[in-house]
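Here is a short report on the inside of one protein model. Look at the sequence and the fold, then read on.

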Amino acid sequence: MMPRGLERCPEPEHVYYDHVAQARMDSWSKGRVVLLGDACQAVSLLAGRGASMGAGGAFSPAEELARAVTVREGLERYEARWRPAVLER
């Protein structure tokens, strides 16, 4: 059955295939190490929000770290603020 199906497929130069996947982490930081940008916010290519997520995702950790008493607090607040938006995409 498979050979018959493959015979009906278009030639490779006429086929476009891409695989998009997203790894989900329990936490975006451990100690003083943090995932930023596409390392933790690679939303679907179909969502159309890559540039805005990138700009906001760069500004938000800096803002939260500047307001926090500790690095850990700042990173936790950054993740709490951004994770819901990323998971929704």
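In this predicted model, the largest nonpolar core has 6 residues: Trp28, Cys40, Met53, Tyr78, Trp82 and Val86. A nonpolar core is a set of buried Ala, Val, Leu, Ile, Met, Phe, Trp, Tyr and Cys residues joined through side-chain atoms within 4.5 Å. Helix α4 gives the largest share of this core, 3 residues. Helices (H or I, at least four residues) and strands (E, at least two) are DSSP runs, numbered from the N terminus.

Buried means under 20%, exposed over 50%, and partly exposed in between (1.4 Å probe, protein chains only).

| Residue | Relative accessible area |
|---|---|
| Trp28 | 5%, buried |
| Tyr78 | 0%, buried |
| Cys40 | 8%, buried |

The structure holds 1 aromatic pair. Trp28 and Tyr78 form it, 5.7 Å centre to centre, with 55° between the planes, and it is tilted. Rings of Phe, Tyr and Trp (its six-membered ring) pair if their centres lie within 6.5 Å; planes under 30 degrees apart count as stacked, over 60 as edge-to-face and the rest as tilted. Trp28 sits in the loop between α1 (2–7) and β1 (29–30), and Tyr78 in helix α4 (residues 71–88), so the pair ties together parts 50 residues apart in sequence.

Cys40 belongs to helix α2 (residues 38–41). Leaving out residues up to four places away in sequence, Cys40 touches Trp28, Leu35, Tyr78 and Val86. Contact means heavy atoms within 4.5 Å.

Residues are numbered from 1 along each chain as its sequence is written, and side-chain values use heavy atoms, without hydrogens and water. As the model is predicted, local features need pLDDT of at least 70 and side-chain atom pairs count only at pLDDT 80 or more, while totals for chains, interfaces and linings use all residues.
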